[in-house]
Amino acid sequence: MSIKLMNAAWELQMPAGQKFVLVALCDQASDAGDCYPSISTIARRCSMGERTVQRHIKDLEDNGYLERIERVGRSTIYRINPRQFGTPAD
């Protein structure tokens, strides 16, 4: 769990669903920003449907907040990009 990433994610101005998914990812991430929870785990933790979580992850990826690294036959790695967070004043 990366408290540093979670605290930074809470400060972002973005739609609530995206923020909740990002915070859930940060909660599972190392301080380097890597995590690999399943979509079903994120959905359950956020009380969302899996398709909704997938859409939020796609939006976060499109906006540069995270990178998705897919591995054949293994879990997907999500790499959170804290440089994209900035500050609320930015």
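Select Ala9 first: setting aside neighbours within four places in sequence, Ala9 is in contact (heavy atoms within 4.5 Å) with Lys19, Leu22, Val23, Cys26 and Phe85. Ala9 sits in helix α1; helices (H or I, at least four residues) and strands (E, at least two) are DSSP runs, numbered from the N terminus. With a relative accessibility of 0%, Ala9 counts as buried, where buried means under 20% relative accessible area, exposed over 50%, and partly exposed in between (1.4 Å probe, protein chains only). A C-alpha distance from Ala9 to Asn63 gives 14 Å, for a pair 54 residues apart along the chain.

Before going on, note that this is a predicted model, in which local features need pLDDT of at least 70 and side-chain atom pairs count only at pLDDT 80 or more, while totals for chains, interfaces and linings use all residues. Residues are numbered from 1 along each chain as its sequence is written, and side-chain values use heavy atoms, with hydrogens and water left out.

**Colour by confidence**

Colour the chain by pLDDT, the predictor's confidence in each residue, from 0 to 100. The mean for the protein chain is 91, and 94% of its residues reach 70 or more. Confidence is lowest in helix α1 (residues 3-10), at a mean of 91, and highest in helix α4 (residues 50-62), at 97. Where pLDDT is low, predicted coordinates should not be read in detail.

**Zoom out to the whole chain**

Switch to a cartoon. The protein chain has 4 helices and 3 strands, arranged along the sequence as α-α-β-α-α-β-β. Along the principal axes, the C-alpha atoms fill a box of roughly 40 × 25 × 25 Å. The radius of gyration is 12 Å, which agrees with the value near 12 Å for a compact globule of 90 residues; it is taken over C-alpha atoms, and the globule rule is 2.2 Å times the number of residues to the power 0.38.

Of the 90 residues, 41% are buried. Among contacts between residues at least 6 apart in sequence, 48% join residues at least 24 apart.

**Select Gln18**

Gln18 lies in helix α2 (residues 16-28). Is Gln18 buried or exposed? At 10% relative accessibility, Gln18 counts as buried. Beyond neighbours within four places in sequence, the contacts of Gln18 are His56, Asp59, Leu60 and Asn63.

**Select Ile42**

Ile42 belongs to helix α3 and is buried, with a relative accessible area of 2%. Show the residues around it: with neighbours within four places left out, Ile42 is in contact with Val21, Leu25, Pro37, Val53 and Ile57. For one of these, Val53, the C-alpha to C-alpha distance from Ile42 is 7.2 Å, across 11 residues in sequence.

**Select Ser47**

Ser47 is in the loop between α3 (39-46) and α4. Ser47 has a positive phi of about 55° although it is not a glycine. Ser47 is exposed, with a relative accessible area of 70%.
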